[in-house]
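This briefing takes up two local features, one in each of two chains, and treats them in turn. Please keep the structure in view while reading.

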Number of protein chains: 2
Amino acid sequence: MEFFQVVTVAQARKVLASHWPRLKRKSVVCELTQALGLELAEDIVAQENVPGFTRSTVDGFAVRSCDTFGASEGTPVPLRMIGEVPMGSRAEMVLNRGEAVAVSTGGMLPLGADAVVMLEHTETLPGGWLNVLKPVAPKENVMAEGEDVKKGETVLKAGCRLRPQDLGVLAALGHWKVKVWEPWRVGILATGNEIVPVEAQPGPGQVRDINSYTLWGLVKSCGAEAKLYGIVPDDLSYLSERLAQALEESQVVLLSGGSSVGTRDLTLRLLSHWGEEGLLFHGVSIRPGKPTLAALIQDRMVFGLPGHPVSAMVSFYLFVSPLLKYGRYQDPEEEPAVEATLARRLSSDAGREDYVRVRLARGEDGGLVAVPLPGKSGLISTMVQADGFIRIPLEKAGLEAGSRVKVRLFI
Amino acid sequence: MEFFQVVTVAQARKVLASHWPRLKRKSVVCELTQALGLELAEDIVAQENVPGFTRSTVDGFAVRSCDTFGASEGTPVPLRMIGEVPMGSRAEMVLNRGEAVAVSTGGMLPLGADAVVMLEHTETLPGGWLNVLKPVAPKENVMAEGEDVKKGETVLKAGCRLRPQDLGVLAALGHWKVKVWEPWRVGILATGNEIVPVEAQPGPGQVRDINSYTLWGLVKSCGAEAKLYGIVPDDLSYLSERLAQALEESQVVLLSGGSSVGTRDLTLRLLSHWGEEGLLFHGVSIRPGKPTLAALIQDRMVFGLPGHPVSAMVSFYLFVSPLLKYGRYQDPEEEPAVEATLARRLSSDAGREDYVRVRLARGEDGGLVAVPLPGKSGLISTMVQADGFIRIPLEKAGLEAGSRVKVRLFI
């Protein structure tokens with residue numbers, strides 16, 4: 001029989017974050033589209049201006065702005081049309097005083113022009129003339145060369161996870177290939193004599209493997225690669241062998257599945273005696289998720305997640321997900337979250353963080369209401385009904401009905 | 001020269017939502033892990049109870065709860081240990097009055113037992129006896145057969161997008177294969193004489209294709225398949241041919257890229273004369289994103305997105321993304337969003353919805369602040385700096401500094 005020497009969430013995160021940089025992976029060069037969601041492995045410094053020339057942002061006429069000063073509907077300024085800039089081509093002409101050139105949105109401004117009068121603020125006259133009905137300021141309706149990105153500017157920093165708009169700026173700068181970090185490889189191993197594969201019909205006392213699939217989904221949602229290593233019964237040599245195999249192919253291994261004291265003891269024995277650093281912590285003051293443990297084995301990290309499906313998910317969200325996604329933790333109070341009104345009172349023990357599943361609903365006033373979904377941490381169905389978690393901090397003994405809470409939505 | 005007959009966002013969404021059900025796709029049966037993020041094509045009705053037997057939720061001793069009534073540290077109740085339930089096996093024994101059976105978390109309760117006393121609330125006595133130090137109520141520390149999922153219950157509805165926990169409940173019920181809808185196939189086609197491929201060095205008046213890449217990222221982030229059809233110059237027959245090819249292979253086609261009046265006219269001419277329904281709308285009262293158009297061509301939907309990168313993204317978020325993800329639109333006020341305090345005043349014209357890029361920062365009081373990132377809609381760099389949008393509704397002429405705003409975070 002083992003007793004937990006629990007650490008706080010902050011303590012557990014501190015030790016995990018301090019060891020995380022020891023995990024290594026390679027960078028790879030891939031095509032731009034394949035880099036979506038991956039982490040950039042180098043700073044991107046602009047080698048050119050974007051745009052590379054001064055462009056019109058409207059359909060209209062390129063002019064010298066000083067020519068239009070004082071123009072109005074009553075006293076229009078006549079300008080001579082000397083041509084049109086074709087889209088995608090150099091503006092070959094040079095604009096002199098009293099002249100105008102037709103230009104479309106995105107078209108290049110000719111030399112001499114410093115602004116564009118919108119089509120709507122002009123009227124065409126016979127004989128190649130037009131009237132300007134409204135003055136423009138210098139640079140009005142114009143995107144200057146380098147206004148989007150300046151040559152020499154760092155547009156994206158190494159480590160950022162590439163979003164659609166980041167692909168866009170890379171494309172603007174001509175990066176059709178990009179150097180990214182390989183996704184983390186995460187091995188998932190279920191343990192416990194009572195666990196049977198999803199294809200099997202459970203006998204008396206047996207249940208199907210749930211955690212391998214929830215964890216697969218969570219790992220993939222973090223942008224990492226997941227590999228299932230199946231179910232291992234409570235046998236030290238067999239578990240040891242399978243873990244070695246998973247460690248061979250992964251930087252992170254998640255052990256989960258069995259909830260019994262026998263499985264926990266076995267995992268603990270295995271991890272305590274393997275590797276020079278061994279166990280980082282064993283037991284965290286949270287509910288659910290208390291029997292979480294972590295170990296460092298050379299440059300690999302192993303998490304022993306609780307067997308109860310809800311506990312395993314909470315533990316993953318708290319400890320594994322931030323590292324896989326960002327390589328670090330954020331202050332839980334700093335995470336952007338959706339605010340809602342708590343539908344009913346929740347109690348908690350001081351000295352323990354509670355994570356409560358909630359469903360979002362609409363209150364009578366139209367505002368968001370967080371409805372707690374109580375239930376044992378073994379009930380996966382409560383996670384299916386839930387939209388997210390709320391957190392009751394260590395120092396609080398509960399939350400009153402009607403209080404404002406932050407809901408951390410699921411991935 | 002064309003003028004916009006603009007519709008409101010609500011009007012545009014109404015017509016799009018009414019035609020969306022005409023788009024067809026096949027269902028496929030895939031392995032559970034491959035179904036993550038896809039939409040379920042059938043209701044899942046439980047064919048069995050989960051768990052299939054009554055289990056302990058703690059490590060301890062299965063008992064008849066009535067035997068423990070009145071137990072305390074001062075007046076412990078002695079019970080006779082008659083055995084132990086092995087994990088993953090049937091509890092073979094039958095429990096009579098005055099007896100207890102050791103059981104681990106997740107273990108099966110023997111016949112006759114109706115509760116479990118936690119290990120911590122017992123003490124072992126010599127000769128196969130133990131003392132119970134605290135009473136348990138009937139069903140205490142027990143998960144009853146079917147408590148998670150009851151046979152006959154609908155656990156997941158057709159159309160839901162499978163999250164990690166949904167894979168978990170499917171695994172619990174033995175669904176190692178699952179019927180899902182194929183992801184939507186979305187073709188992306190850039191237009192405009194000024195657009196050159198990302199690998200090319202733009203000449204004077206030319207810019208690289210940004211929108212193909214931002215749209216690729218957005219489409220993929222919606223769980224759909226994206227295919228790039230390259231860049232088409234402003235030529236009706238060439239554009240027509242490429243669009244036909246994209247329509248052959250996709251249910252949705254996004255046209256984008258050129259911002260010039262020539263490209264817009266061309267797209268409009270093409271879409272107005274193709275298909276019996278043709279154009280659904282042309283121009284929406286939003287900024288940025290006004291020159292958005294949509295057309296129905298038989299059972300395919302074509303969106304003409306604005307050429308400016310920011311406009312194209314706003315338009316995608318407003319019109320395309322909800323359909324790809326959910327097949328319908330949500331009231332923008334109902335969408336869960338992060339709340340923040342607006343850092344400075346924003347003006348807007350009544351009669352138009354404005355979407356303003358913002359960066360999230362921390363205020364002096366530690367609260368979230370939304371800092372507007374003004375800038376022309378052609379500046380992709382402002383999207384890279386931004387964390388999300390805020391919306392200024394149709395009827396408002398602006399938002400005051402210090403007002404509470406909802407920030408819609410990017411995918």
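**A buried arginine and a helix pair**

In this predicted model, B:R242 is a residue of helix α5 of chain B, the helix that covers residues 236-249.

**B:R242 and its surroundings**

- The relative accessible area of B:R242 is 19%, and because buried means under 20%, this residue counts as buried.
- Apart from neighbours within four places in sequence, the residues in contact with B:R242 are B:L189, B:Y229, B:G230, B:I231 and B:V232.
- For B:G230, which is twelve residues away from B:R242 along the chain, the separation between the two C-alpha atoms is 9.2 Å.
- For B:Y229, the backbone oxygen is found 2.3 Å from a polar atom of the B:R242 side chain.

**Helices α1 and α7 of chain A**

- Helix α1 (residues 9-19) of chain A packs with helix α7 (residues 309-326) of chain A at an angle of about 30°, and their axes are 10 Å apart.
- Angles under 35 degrees count as roughly parallel, and α1(A) and α7(A) are therefore roughly parallel to each other.
- The two helices, α1(A) and α7(A), cross in a right-handed sense.
- On the α1(A) side the contact is made by A:V9, A:A12, A:R13 and A:L16, while α7(A) contributes A:L318, A:F319, A:P322 and A:L323.

Key. Residues numbered from 1 in each chain as written. Chains lettered and ligands numbered in written order. Predicted model: local features only at pLDDT ≥ 70, side-chain atom pairs only at ≥ 80, totals over all residues. Heavy atoms only, no water. Axes fitted to C-alpha atoms, helices over the stretch in contact; angles between N-to-C directions. Helix = DSSP H or I, 4+ residues; strand = E, 2+ residues; numbered from the N terminus. Parallel < 35°, antiparallel > 145°, perpendicular 65-115°, else oblique. Left-handed = near helix turned anticlockwise from the far one by under 90°. Contact = heavy atoms within 4.5 Å. Buried < 20%, exposed > 50% of the residue type's maximum accessible area, 1.4 Å probe, protein only. Polar contact = N/O pair within 3.5 Å; in protein donor to acceptor, adjacent residues only side chain to side chain.
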